[in-house]
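Read it alongside the sequence and the coordinates.

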Amino acid sequence: MINKQNKTVVWVLAALALAILPLMLQSAGNFWVRIADTALLYVLLALGLNIVVGYAGLLDLGFVAFFAIGAYMYALMASPHLSEAFPWFAQMFPNGLHTSVWLVIPAGALLAGFFGILLGAPTLKLRGDYLAIVTLGFGEIIRVFLNNLDHPVNITNGPKGLSQIDSIRLFKFDALGIPGVNLSGQTEFLGITFNSVTKYYYLFLVLVVVSVILCHRLELSRIGRAWMAIREDEIAAKAMGINTRNMKLLAFGMGATFGGVSGVMFSAFQGFVSPESFSLMESVMIVAMVVLGGIGHLPGVILGAVLLSALPEVLRWVSGALDLQSVTGGRLDPAILRQLLIALAMIIVMLLRPRGLWPTPEHGKVLSRNGAR
């Protein structure tokens, strides 16, 4: 048994390890830090989807749509695209609308949450496969819209995407003359050089920690218990007086806000967004992260997100280091082999661990003999 004091020591050691991890990876190259950044973004997405799928039991295959909404919102509000596309807008903002990230994050969360409720409203009476098909269609509709909204009015720039997106600048106060910390470029602090990807890592880590705390408190709240009651038996939950309609809409809206915030961070981190980044495969991978890690269990969801987001990139490095293309005389495509290995790993895990790598512990399902008496 781990007592309270030992648990505190474990948490402190874990925090120190996460703090020094990017500095260690940075010494091996920015490629490895970028993998860690991407993993944290997927953890945010998986935490949001876990609210919908893990807590409320609603199968959502269109979650990437909210990711796209947040990304494009920041891209439009922090790039010169609107001024270049609309002359009347250029008269008011000649250099573009470079909005502060502190305004875009809540705006992106609210917009994604609104679309989440909009998606949930017509699907309240659907379950299982039917719900999955409707949400899948919603995700594809959003992607198709983003891909075609370049004419007759150029809003998203179509398949070309949006570029020249501002990086995030923290602690900037123009009134006090404080320039703040720009997350692009290098920064020297205490004799340590922090690259751009390293600074984004710490920002993403803070957002993940806050999201985990929020999800944990939601799980223990009355709302979380109502979601789980709906997941186990919706008819019984309704008979107990739970407003299943409002709870489902709240689950869709709350989960979508995480997707919106993740999209804002992705847009600022990449500096470029296009519809190709929000394909159906992305939604499938996010669902796989939740299922593979352990539906409804926060540590399991985080583990699944880290493994499925980092493993493809690690295998990419391995295939490049071994130069499989030249070794096999061009007969073996490393990209296909990488996807094959990932698929085989997922199949093996699901066969051996059908409840996930780190499932939630079961409580109260088996009574002891004394309790049965």
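K248 and E234 meet through their side chains in a salt bridge, 2.9 Å from N to O. A salt bridge here is a side-chain nitrogen of Lys or Arg within 4 Å of a carboxyl oxygen of Asp or Glu. K248 sits in helix α11 (residues 244-270) and E234 in helix α10 (residues 234-239), so the pair ties together parts that are 14 residues apart in sequence. Helices are DSSP runs of H or I with at least four residues, strands are E runs of at least two, and both are numbered from the N terminus. K248 and E234 are both buried. Buried means under 20% relative accessible area, exposed over 50%, and partly exposed in between (1.4 Å probe, protein chains only).

The model is predicted: local features need pLDDT of at least 70, side-chain atom pairs count only at pLDDT 80 or more, and totals for chains, interfaces and linings use all residues. Residues are numbered from 1 along each chain as its sequence is written, and side-chain values use heavy atoms, with hydrogens and water left out.

The whole structure holds five salt bridges. Among them are these:

| Pair | Closest N and O atoms |
|---|---|
| E232 and R231 | 3.1 Å |
| E313 and R316 | 3.0 Å |

E232 is exposed, at 56% relative accessible area. E313 and R316 both lie in helix α13 (residues 298-322), three residues apart, about one turn of the helix. E313 is partly exposed, with a relative accessible area of 24%. R316 is also partly exposed, at 37%. Elsewhere, salt bridges that share partners join R127, E234 and K248 into one network.

Now the nonpolar side. The largest nonpolar core has 90 residues, of which Y74, I168 and M265 touch the most other members. Helix α2 (residues 30-55) supplies the largest share of this core, 15 residues. Such a core is a set of buried Ala, Val, Leu, Ile, Met, Phe, Trp, Tyr and Cys residues joined through side-chain atoms within 4.5 Å. In soluble globular proteins, nonpolar side chains tend to be buried together.

What does I168 touch, not counting residues up to four places away in sequence? Its contacts (heavy atoms within 4.5 Å) include Y74, V181, L203 and M265.

T99 lies in the loop between β2 (97-98) and α6 (101-120). T99 is buried, with a relative accessible area of 16%. Beyond residues up to four places away in sequence, T99 touches M77, A78 and V104.
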